[in-house]
Amino acid sequence: MENANVLQFEKPSFFERLKGMLGVDFYRLFHTPLFYIFIAIAAFIPALVLMGGAQGENAMYTNAWQIIAADSPLYVISNMGQYANMNMVFIFGGIMVSIFIGHDYQSGYVKQLFTTHAKKQDYMISKTLLGAFSMLCMCVTYMIGGMISGAAAGLPFQINAGALLCAILGKMIMSLGWASLYTFINIIFRRKFGISIALCFVLGTGIPVIGAAALVGNSPALNIFLYGSSVYACLSANFISVLVCLACSVVWAAIYNILGTIVLYRRDVY
Amino acid sequence: MNAIEITNLHKNFGEKHAVDGLDMTVPEGAIYGFIGENGSGKSTTEKCICGLIPPTSGQIKLFGKDHKDGEARGKIGVLIEAPGCFPNMSVWNNMKLQAANLGIKNENEEIRRVLHLVRMDGAASNKFKNCSLGMKQRIGIAFALLGTPKLLILDEPINGLDADGMRIMREILADLTKNHGCTVLISSHILGELEKIATHYGIIRGGRMLKEMTAEELNASCPTYVYIKAADMNKALAACNNAFARVEFDEDKDEIRIYDKLSAEDVASYLYSNFGIAVTELGTAKISLEEYYIDLMKEGK
């Protein structure tokens, strides 16, 4: 049984490992209907929001861009309709990430992934980037859908272009933080992705932060949370709010990735 | 070098010791038959090797390196429990995913190669969920073969395969070990099939290695015997017990087994000439792996 040739194994670099994992995730993303369904849903949400909004003197939206972001940060909301801006993408993004990761476990494909990839952080990083990319695409289709719906409803489009750009950029940046949170939730619940979806919905709608805001008031201190920063990216946003979103998103992404990696190392992955 | 070297492996699930101080050595180039009852710890051990579950304690080395290192992990082909394919994707797209996972460059050519090996060329465009059990098992094997792995870990790969599938499987494994320097760890309850291909065996019970041996050692432990059947089995058994040193009666097959160096014809002629017993059926056989395993399990209980 002795083999004359001594086996040589190459130690893959971090980028080589990540490339392999991302290759798998993105191939699956583009070859299953899930992604396309969700970006289509994101495009339709603004129309539904507008149809549900009050018309005439009580109109909830007086400007088309309000479908994308509120005029100012709304930590405390008084009307369910105030949820209805691009933050909706983060709720649906959570559902998409839950289904995507849930299928990894349900199909048993994680066996292949974790056999090949000894470093568990590869999985966390790859899924976070995939989730962030998906939500980013959903933000774009939401924006297009919002513009079309706004135009169809005859709403005006006047706005400070810089503030609008900061608001959209801030929301898009938040995709990274939200994706890492959803990935973390899903590696906790794995195959039970019904629980993950419910939890993503609760966190995505910002219920805990809205609850906290009801107690502490409309405080910018709530920007340390993902939902807080997400609403901070509003139509009166500026360069500072973009930086706040960036810092919040990156820090939470790092925290959830580290926590998720620890969980994956300590628990049975399959 | 050993492909797998496990020292004092423990894996507890709460109070249950699924693997309890297991030592195991799989030499490079071997086809290692990993045998044990249900719940003996085979799958848990295999999952520990693949890094799917963290061991409670103990050491696992793959080709001399810690299994957590990841250097050898990219060269492991796995089929544990089920293939792990996405049911709504086509077989081809599932294979493409795994090729991307392994970083295979000429993936289309490689996928065609492995699908051809398992005679599944025609199933590439089928959705995985529409494949039959046997087809799924073959696809699972193709999955594990992608990129010509250096270590193949197969958990019950023969289940669901038809006779042709089993033959193909034997040919593939023989080719992989002989021509590609691959090592195979294979667990199966179909011991007759395993006996045809394995070069080494490991028998596990209660999470501990009961016995490790080579096929040659197993061969030496499994003596040849003469079996006979007679019209009056009681008289024949009494006569054999008087005449031969080691005689056993197999109740399942209703036959007398004589462990001696005599030929079957010599035994028949001896019984007829000395005791007037007419033998109705006779022949020579060898203790099979299955019989050896059952005896070993009985001894331990």
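**Domain division, chain contact and backbone features**

In the predicted model, chain B is divided into two domains, domain 1 covering residues 2-214 and domain 2 covering residues 222-300. The centres of domain 1 of chain B and domain 2 of chain B, taken over C-alpha atoms, are separated by 39 Å. Nine residues from domain 1 of chain B and seven residues from domain 2 of chain B take part in the contact between these domains. On the side of domain 1 of chain B that touches domain 2 of chain B, the elements giving two or more residues are helix 6 (191-197), strand 9 (200-205) and strand 10 (208-214) of chain B. Helix 6 of chain B gives the most to this side, with four residues. By class, the side of domain 1 of chain B that touches domain 2 of chain B consists of five nonpolar, one polar and three charged residues.

Chain A has 10 helices and zero strands, and its elements accordingly read α-α-α-α-α-α-α-α-α-α from the N terminus on. The radius of gyration of chain A is 20 Å, close to the 18 Å that the globule rule gives for 270 residues, so chain A is as compact as a globular protein of that length. Along the principal axes, the C-alpha atoms of chain A fill a box of roughly 85 × 40 × 35 Å. Of the 270 residues in chain A, 51% are buried. When contacts in chain A between residues at least 6 apart in sequence are considered, 83% join residues at least 24 apart.

Between the two chains, 32 residues of chain A are in contact with 40 residues of chain B. On the side of chain B that touches chain A, two or more residues each come from helix 1 (42-50), strand 6 (76-79) and helix 2 (91-102) of chain B. Helix 2 of chain B supplies the largest share of this side, seven residues. The residues on the side of chain B that touches chain A comprise 19 nonpolar, 12 polar and nine charged.

Helix 1 of chain B, one of the elements on the side that touches chain A, is largely enclosed by the rest of the structure, because nine of its nine residues are buried. The buried residues of helix 1 of chain B are K42(B), S43(B), T44(B), T45(B), E46(B), K47(B), C48(B), I49(B) and C50(B). After helix 1 of chain B comes G51(B), which has a positive phi, near 80°.

Positive phi values also occur at residues of chain B that are not glycine, among them F63(B) and T148(B). Most residues other than glycine have a negative phi. For F63(B), phi is about 50°, and this residue lies in the loop between strand 4 (57-62) and strand 5 (65-66) of chain B. F63(B) is buried, because 22 other C-beta atoms lie within 10 Å and the cut-off for a buried residue is 20 or more. For T148(B), phi is about 45°, and the residue is found in the loop between helix 4 (133-145) and strand 7 (151-155) of chain B. T148(B) has 17 C-beta neighbours inside 10 Å and therefore counts as partly exposed.

Key:
Residues are numbered from 1 along each chain as its sequence is written. Chains are lettered from A and ligands numbered from 1 in the order in which they are written. This is a predicted model: local features need pLDDT of at least 70, side-chain atom pairs count only at pLDDT 80 or more; totals for chains, interfaces and linings use all residues. The radius of gyration is taken over C-alpha atoms; the globule rule is 2.2 Å times the number of residues to the power 0.38. A residue is buried if 20 or more other C-beta atoms lie within 10 Å of its own, exposed if 12 or fewer, and partly exposed in between; C-beta atoms are placed from the backbone. Ala, Val, Leu, Ile, Met, Phe, Trp, Tyr, Cys and Pro count as nonpolar, Asp, Glu, Lys and Arg as charged, and the others, Gly among them, as polar. Domain bounds come from an automatic or database domain assignment.
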